[in-house]
Amino acid sequence: ADGKKLMKMEEWVSVSLVLDQEGRPFRQTRRWTEAASMHNKVEEVRPPPTLLERIEQNDPTLKELAGFGGYSCHRIATALRKNSTITSFKLSSCELGSDRDDGCVHLMQALIARRSSLKRISLARNSIGLNGAAAVASFIRASQHDSSIYHSIRLDLLQNCFGDEGSRLVADAIADGTKKDNIQTIVDIGLEKNRIGNDGLQHLSNMLHGNNTLHSLRLGKNEISYEGVMRSLVPALKKNTTLRVLDLSGNRQIKDLGAAALADALSFNQTLETMILTKCSITEKGAMRLLEALYDCTSPSVVLEKSNHTLRELIVCQNPILSTSFVGHTTFLRDAINWNQQGIASSRIYKLNNFLMSSEGPRYVHSNDIPIELIPKLLYKIWRIDKSIDAVYSYIRGMPEIVEI
């Protein structure tokens, strides 16, 4: 247009499949552009960043670390020290327990050094022993010193080798959160299949006495027996006011004595919502004690104050309790759970209503034990038992607070 000669441009494109440093395939595109007055130029598309690069560069899209992507634990741990974007670590089956828990130790040290918020740490199925348990305990203690960074951490330690001593280290670390100037950060801990016995349960129960943040404690498939449940866990449950989920499944030595002790705890504990007792060798005897804890129909006052009104899920499947005589109680057990699911106030009304309408029950009851709206049903029950209107009048005369109204 301005007297300049337009140059003819030619372009060649080559596409090939290559592997990056982590062995992942990606398409590599090469372009050649040629003109009469230009030298050949090559434009090469860079491969996507590696996992290590994303960690080091604080990739904002990397919120969860699931595996090491072919790198050693040491390299990942070093990169994590300066990372602040990852909030969830799912590192199951990553061989963190090899070389005397060396990988677990390096990882915990890195998490302490990074001082960044996180929500979940899963170290399941890593065969972590005492050295790793001590490293985890050190992290828990470090997390309890700064409320501006750490809060509401879920810790999954399923299928490791903590044993009684490892559980002591973890329990003592969590318990330190109750000390002055510290905070409690662990809200969920899973220690299933860790070879924990009654001694380990004792340490965890001691921690529960003063803890006010732990919502879930999972101890399935360990070596806990009814002796440990009766000696240490039940006294802790009677005092604890924050635990919502308790999993004791697969501890086959809990048996009926353990179930009866847990039933006794339920009469005092009004915060536990889920109890899992599958495969605990519980028979009809133990199951009936649990049912009585949910609905004790001895008297109206017992129905209101001694029956448990907060347990919303009781899982007792895969136990030898399905005898012919207990089958008739399964529906009633389900009803008691359903009543609890309606809330404490509604649970009391439903259970007391069932008590008043049943053919069983004591002959004499007290009006102070029941809500005023249920008194008509109570009077009907008294008349039905005594078959005398005098009994009803006698009962009414014993209610001065109602007469004043």
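Me: Which residues of H8 are buried?

Reply: In this predicted model, the buried residues of H8 are Asp256, Gly258, Ala259, Ala260, Ala261, Leu262, Ala263, Ala265 and Leu266. Because nine of the twelve residues of H8 are buried, the helix is largely enclosed by the rest of the structure.

Me: What covers the buried residues of H8?

Reply: The cover includes helix H7 (226-239), strand S11 (274-276) and helix H9 (284-294).

Me: And what does H8 span from its first C-alpha to its last?

Reply: H8, which runs over residues 255-266, reaches 17 Å between those two atoms, close to the 16 Å expected at 1.5 Å a residue.

Me: Switching topic, how many aromatic pairs are there?

Reply: The count comes to two aromatic pairs. In one of them, the rings of Phe139 and Tyr150 have centres 6.0 Å apart and planes at 85°, so the pair is edge-to-face.

Me: Where do Phe139 and Tyr150 sit in the chain?

Reply: Phe139 is in helix H4 (residues 130-143), whereas Tyr150 is in the loop between H4 and strand S7 (153-156), eleven residues apart.

Me: Are those two buried or exposed?

Reply: Phe139 is buried, with a relative accessible area of 1%, and Tyr150 also counts as buried, at 2% relative accessibility.

Me: What about Tyr295 and Trp339, how are their rings arranged?

Reply: Their ring centres lie 6.1 Å apart with the planes at 80°, so the pair of Tyr295 and Trp339 is edge-to-face. Tyr295 lies in the loop between H9 and helix H10 (300-305) and Trp339 in helix H11 (residues 324-340), so the pair ties together parts that are 44 residues apart in sequence. Both Tyr295 and Trp339 are buried.

How values were computed: Residues are numbered from 1 along each chain as its sequence is written. This is a predicted model: local features need pLDDT of at least 70, side-chain atom pairs count only at pLDDT 80 or more; totals for chains, interfaces and linings use all residues. Side-chain values use heavy atoms; hydrogens and water are left out. Helices (H or I, at least four residues) and strands (E, at least two) are DSSP runs, numbered from the N terminus. The expected span of a helix is 1.5 Å times one less than its number of residues. Buried means under 20% relative accessible area, exposed over 50%, partly exposed in between (1.4 Å probe, protein chains only). Contact means heavy atoms within 4.5 Å. Rings of Phe, Tyr and Trp (its six-membered ring) pair if their centres lie within 6.5 Å; planes under 30 degrees apart count as stacked, over 60 as edge-to-face and the rest as tilted.
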